[in-house]
Amino acid sequence: NIQVDFLKRHQRMIGYGAAITDASAWLLYSRPRQLYEELMEMLFGSSGLGLGVVRIPMGISDFSRNYSLGRQTYDDVAGDWALEHFSTLHDDSYIVPVLRKARAINPQLKIIASPWTAPVWLKTRQADVGSGTLRSGEQTYATYARYFARFVESYLQKGLQVDYLTLQNEPGHEGCGPMPCMALSAEQEAELVLHVGRELEQRGLASRTRLLAYDHNWGPFGPGQPGAEYPLQLLRNSSVRQYLGGVAWHCYSGGPANQSLVRNEFPDKEVHMTECSGGVWSGSFGNALQRYMDQLVIGGANNYGQSVVFWNMALDEHGGPRCVGGACCKGCRGVITVPSGAKSLDDINRD
């Protein structure tokens, strides 16, 4: 029997969802029009899954179609400190239409945005999309803060409010080969939070867009990898804390109890699970379902989680489009599999 105590209230749920990566958006939008409409209703409609939150990469991620210079970030022009060449035009082809459609179906949809890498010219010398960290100095941090604010403003002009920003996807990663990534220490993220928070505040965007700290695993994935101490270090700094709305977590190591560890010390901050991918490692449907329910759907909520966001919303039959080599995931599965020749819902696999 299941007993529900209606008198005891906990956190307000934002919703469940998945990432609209470049790959996912293209797979959805490039389907025959009737299938596209049916897929979007299935994913976001009240008679379907009713997904209420999506995460989008700011620029390329490990699931993009094009990694060439000029398609990596919103400003790939070296030394453009004034951001004169900043543009989100690439997103207008299929990412923005998919997001608009999703929000039209579910007007309560929340959008979380995260960069996998800063523009290479803002990273340490000789770095590429898959290595390095943010350069030091006021000019770098001030410019990157304007970059984030320009992104939020650009999306508002497209009719899309970005509800949450994380400042770096998985900041403990570096040396990822062709996979975009950028190491960012807790000290660096603290400095970036101060700059981005002030920039959003000065532009009147802080009430619309909240910053989430960390965006990495519950616990260390290996030696030298971060865990709960990373967001705790940020939140224990009162100057930084004032600009943070909460903490973002990933599921690939540790357990959801660390959400409570941080939330118990800072009860006014939100808790979000922003990435968890299924894949060939997930095993049988029964095993995967048990883990997802235990650690994410139920475990996450029981540890103050307000959202659970799976990784790719849609991938093709080859687990792509994606980068190849290095830390690129070759076994990831989307929430749905959309084969390249799919013409009807009968061709879609629900993963």
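Trainee: Which elements each supply at least two residues of the lining of the largest cavity?

Mentor: This is a predicted model, where local features need pLDDT of at least 70, side-chain atom pairs count only at pLDDT 80 or more, and totals for chains, interfaces and linings use all residues. Residues are numbered from 1 along each chain as its sequence is written, and side-chain values use heavy atoms, without hydrogens and water. Helices (DSSP H or I, at least four residues) and strands (E, at least two) are numbered from the N terminus. The elements asked for are β6 (244-250), α8 (257-265) and β7 (270-275).

Trainee: Which element gives the largest share of the lining of the largest cavity?

Mentor: On a 1 Å grid over the protein atoms alone, a cavity is a set of points where a 1.4 Å probe fits but cannot get out, and lining residues have an atom within 4 Å of a point. The lining includes Q259, V262 and R263. The largest share, 3 residues, comes from α8.

Trainee: How much space lies in the largest cavity?

Mentor: The count of cavities of 30 Å³ or more comes to 1. A volume is the space filled by probe spheres set on the grid points, which are joined across faces, edges and corners. For the largest cavity this is about 50 Å³.

Conventions: 1 Å grid on protein atoms, 1.4 Å probe; cavity = no way out; pocket = protein on both sides within 12 Å on 5 of 7 lines; lining within 4 Å.
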